[in-house]
Amino acid sequence: MHFLLILLITATLALATPDNHNGHCGTYASNIEGLTQAGYKTGWILDGKNWTALPEVFAQDLYYDSSELGDYGGVSHGIDEARKALQAASQDTRTERMVTNLWLKEMVGPGKARVLTQITLSHWHDKALEDIKKTYRIYYMCDDIWIREGGEWKMWKSYVHNMGPGVEAPYFGKGNPLLQQY
Ligand SMILES: *[C@@H]1O[C@H](CO)[C@@H](O)[C@H](O)[C@H]1NC(C)=O
């Protein structure tokens, strides 16, 4: 009887797919690689304002909460709300998200990972470069849960924390020759 039980447990363990930091992930060699690429890709898609590509990096039932950033943040329930908020915030602007220090903190379940990421967002409003409500730089970190759908990692829950004392006003300087391109 005991022998059978041990056999059963051993068989179950052998069948379970290993899903750790280095576990294989779709087109990627590991979960770390897949998650890192997904984090970077999210930055490219958002800065490129490619709203049709959002489902490649956001889960349909995404919950995004950056309310800690006050007027510079908000809460979105679902991918459509997130898309609308992003679209509204990006009118007449260009942005650059520096996505760094991406740390796969924990595999919290099969195909489910807790990831910490630091982001520096530069947000420039072409017609309001001196208005700190519209042109600013902000430092925040994301404490996120990503889920794997097919071979791709999608952001599922995102909690954003302010890292700096406030937003910074980028200084462009008088006589800045690049400014003439605007
Ligand atoms: C937007 O994303 C879609 C889907 O990935 C892609 O086919 C398209 O080329 C992208 N558009 C731009 C302007 O990058």
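Okay, one definition before we start: when I say helix, I mean a DSSP run of H or I at least four residues long, and the helices are numbered from the N terminus. Keep that in your head, because just after the helix called H2, Lys49 takes a positive phi of about 50°. We'll come back to that residue. Also, please remember that this is a predicted model.

So, the overview. The chain has 3 helices and 6 strands. Walk along the sequence and you get the pattern α-α-β-β-α-β-β-β-β. There are 182 residues in the chain, and buried ones make up 20% of them. Now look at contacts with a separation of 6 or more: 54% of those are between residues 24 or more positions apart.

Which residues of H2 are buried? They're Asn31, Gly34, Leu35, Ala38, Gly39, Thr42 and Leu46. These cover an arc of only 135° around the axis, which means they sit on the same side of H2. Here's the background for that: an α-helix has 3.6 residues a turn, so residues three or four places apart point the same way. And what do the buried residues of H2 pack against? The answer is H3, E3, E4, strand E5, which is 136-149, and E6.

Leave out its neighbours within four places in sequence, and Leu35 is in contact with Leu102, Leu104, Ala113, Val115, Trp146 and Trp153. Leu35 also shows up in the largest nonpolar core, which has 16 residues; Leu35, Phe58, Leu62, Trp146 and Met155 are the ones touching the most other members. At least two residues of this core come from each of H2, E1, H3, strand E4 (112-125) and strand E6 (152-162). There's a second, separate core as well, with 7 residues, including Val99, Leu121, Val160 and Val167.

Back to Lys49, as promised. You'll find Lys49 in the loop between helix H2 (31-47) and strand E1 (58-65). Is Lys49 buried, exposed or partly exposed? With 14 C-beta neighbours inside 10 Å, Lys49 counts as partly exposed. Asn101 sits in strand E3, residues 93-109, and with 9 other C-beta atoms within 10 Å, Asn101 is exposed.

Next, the ligand. Around the ligand you'll see Gly48, Asn50, Thr52, Ala53 and Glu56. That shell divides into 1 nonpolar, 3 polar and 1 charged residue.

Last stop is helix H3, residues 79-89, where we find Glu81. Glu81 is partly exposed, because it has 15 other C-beta atoms within 10 Å. Between the C-alpha atoms of Glu81 and Tyr64 there's a separation of 9.6 Å, and the two are 17 residues apart along the chain. From Asp80 to Trp51, C-alpha to C-alpha, it's 9.9 Å in space and 29 residues in sequence.

That's it from me.

Conventions
Residues are numbered from 1 along each chain as its sequence is written. This is a predicted model: local features need pLDDT of at least 70, side-chain atom pairs count only at pLDDT 80 or more; totals for chains, interfaces and linings use all residues. A residue is near a molecule or strand if its C-beta atom, placed from the backbone, lies within 6 Å of it. Ala, Val, Leu, Ile, Met, Phe, Trp, Tyr, Cys and Pro count as nonpolar, Asp, Glu, Lys and Arg as charged, and the others, Gly among them, as polar. A residue is buried if 20 or more other C-beta atoms lie within 10 Å of its own, exposed if 12 or fewer, and partly exposed in between; C-beta atoms are placed from the backbone. Two residues are in contact if their C-beta atoms, placed from the backbone, lie within 7 Å. A nonpolar core is a set of buried Ala, Val, Leu, Ile, Met, Phe, Trp, Tyr and Cys residues joined through C-beta atoms within 7 Å. The arc is that of the directions from the helix axis to the C-beta atoms.
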